[in-house]
Amino acid sequence: MKVLISGGGTGGHVFPAIAIADALKEISNDIEILFVGATGKLEMQKVPQAGYNIVGLPIRGLKRKLSLDHLKWIFLLIISLIKAFQTIRRFKPDISVGVGGYASGPVLRISSWMGIPIVIQEQNSYPGITNKLLAKSADKIFVAFQGLEKYFPVAKILHTGNPVRKDLLKQTDRKEASNFFQLDPGKKTICVFGGSLGARAVNDAILGSMQMISDHHEWQWIWQYGSIYENTLNAALAEVPQNVKCFAFIERMDLAYAAADLVISRAGALTLSELMVTGKPSILIPSPNVAEDHQSKNAAYLTEHHAAFMLSEKELSQRLWPLIEEILSDDEVLIRMKTKLKEMARPKAAETIANQIVEIAKKCN
């Protein structure tokens, strides 16, 4: 069996795709997998690191404001459609899987035109335009949140949750995690994640809190600030107190979650799924720079179930530090959130999706 997996752009698309591929390999080593991504994006690095081959398309996002860039985008789209067709004709997949991101559109559209069954994995509570356009052609749509019936055909929806990196599903020892990050396992640990690309507003909030962080030696911090901010933060990073461990990117997220008592992060769909399977209380800061404000909708899914707290970027300077103190001083709140998160978690999402992919491919071929 041959499976083509397309999409990417951010960790929120790339890591679920890799998790699905790993789950397919656990079903059978005879399943051949090829990825298609966008050149220059995160998947072109992370997919080969995970042991899979990938083909890059020159596709890019379409800017909302009308400009000459739209002509360039049309040209890149045509080239991407041609390259997607050539890749599909050469690889001859039994099924094509789209995980969102720029590359999934051309691949799934060409696959559909060529009579190859397609499935979609939608991570967010509000679907992207590509997935909405392709929904009618899909054999199955795997969703992470309830309530997507207003966007997709009900009969095609399967609520699976989001696939997460398999290392997060293991029981990781807190002492091992503390040793890895050179932390004190007896102190409460706050982890700050801005997503795979970082987040300026989150970074600014942490920098603005450095005096309080320094004064509270009973807490320790892991701060992932994002590689694109490394140069601009160089001077500030040299001045951080000893109870803050700083990283441009954290490869061992399993250990970061294992060390964490509280997570401060964006509200990307993958992050929420990781918080659920690891049972980590959080303060969510939705990015305002995403389509249809979908991160706020993602965060609301947890806050409505009393499984997380949410702050807007405008509230950070006034409310972030008091909220951290409130949460960490109340163990009952921490326990309640952990319990609720575990109830909401779907740790077998990748396995469920992989089994469905194999079943659909066999049925259609």
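Mentor: The discussion below sets computed values against their definitions.

Mentor: This is a predicted model, in which local features need pLDDT of at least 70, side-chain atom pairs count only at pLDDT 80 or more, and totals for chains, interfaces and linings use all residues. Residues are numbered from 1 along each chain as its sequence is written, and side-chain values use heavy atoms, with hydrogens and water left out.

Trainee: How do you know that C191 is in no disulfide?

Mentor: A disulfide is a pair of cysteine sulfur atoms within 2.5 Å. By this rule the count is 0 disulfides. For C191 the nearest cysteine sulfur, that of C246, is 12 Å away. Because the sulfur of C246 is 12 Å from its closest partner, in C191, the two are too far apart for a bond.

Trainee: Why is C191 called buried, and why does C246 count as partly exposed?

Mentor: Buried means under 20% relative accessible area, exposed over 50%, and partly exposed in between (1.4 Å probe, protein chains only). C191 has a relative accessible area of 0% and is therefore buried. C246 stands at 24%, so C246 counts as partly exposed.

Trainee: What makes R165 and E274 a salt bridge?

Mentor: The term requires a side-chain nitrogen of Lys or Arg within 4 Å of a carboxyl oxygen of Asp or Glu. The closest N and O atoms of R165 and E274 are 2.6 Å apart, and the pair is accordingly a salt bridge. R165 lies in the loop between β7 (157-159) and α6 (174-181) and E274 in helix α11, so the pair ties together parts that are 109 residues apart in sequence. Helices (H or I, at least four residues) and strands (E, at least two) are DSSP runs, numbered from the N terminus. Both R165 and E274 are buried.

Trainee: How many salt bridges does a search of the whole structure find?

Mentor: The search finds 8 salt bridges. Among them is the one between D331 and K188, at 3.0 Å from N to O. D331 belongs to helix α14 (residues 331-344) and K188 to strand β8 (residues 188-193), so this pair ties together parts that are 143 residues apart in sequence. D331, with a relative accessible area of 44%, is partly exposed, and K188, with 24%, is partly exposed. The side chains of E315 and R319 also meet in a salt bridge, at 2.9 Å from N to O. E315 counts as partly exposed at 27%, and R319 counts as partly exposed at 42%.

Trainee: Which residues make the nonpolar surface patch?

Mentor: The patch is made by L71, I74, F75, I78, I79 and I82, and covers about 560 Å². Patch residues have over 30% relative accessible area and no salt bridge, with nonpolar side chains (Val, Leu, Ile, Met, Phe, Trp, Tyr) joined within 5 Å and like charges within 9 Å. F75 is found in helix α3 (residues 69-91), and its 52% relative accessibility makes F75 exposed.

Conventions
Accessible areas come from the Shrake-Rupley method with a 1.4 Å probe; for residues, only the protein chains shown count as cover.
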